[in-house]
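Reader: I would like to work through this structure step by step, and I would be glad of careful explanations along the way.

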Amino acid sequence: MLSTSSDKSRECRDYNIDIMYDDNPYNCRQLINSGIDCSLVGTNYWKKEKDGLRIVANWKELYQEVNDISMQQSVNEMQTENKKLVKAK
């Protein structure tokens with residue numbers, strides 16, 4: 001999503017986006033506080049203001065992180081379904 005909005009969390013909710021990457025620490029914190037999984041893309045900002053933010057330095061790291069998050073979500077969904085099946089028996 002390309003956005004010039006000062007509140008990207010609203011647009012993420014509107015478009016059902018649950019993973020976001022931004023190059024501005026302020027935006028990342030705002031998104032995280034709104035419940036959206038966000039990482040800081042490596043820029044000059046992150047050298048100073050990385051406190052508590054996950055950082056990806058390049059597209060390869062970003063791709064790997066999206067895969068990792070996606071895999072964890074799939075595992076969580078499978079565990080939830082398994083619990084439902086066990087309760088149904």
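Reader: In which loop does Asn 16 lie?

Author: This is a predicted model, in which local features need pLDDT of at least 70 and side-chain atom pairs count only at pLDDT 80 or more, while totals for chains, interfaces and linings use all residues. Residues are numbered from 1 along each chain as its sequence is written, and side-chain values use heavy atoms, with hydrogens and water left out. Helices (H or I, at least four residues) and strands (E, at least two) are DSSP runs numbered from the N terminus, and Asn 16 lies in the loop between helix H1 (8–14) and strand E1 (19–22).

Reader: Why does Asn 16 count as exposed?

Author: With a 1.4 Å probe and protein chains only, buried means under 20% relative accessible area, exposed over 50%, and partly exposed in between. Asn 16 counts as exposed because its relative accessibility is 70%.

Reader: In what order do the elements of the chain run from the N terminus on?

Author: The secondary structure of the chain comes to 3 helices and 3 strands. From the N terminus on, their order is α-β-α-β-β-α.
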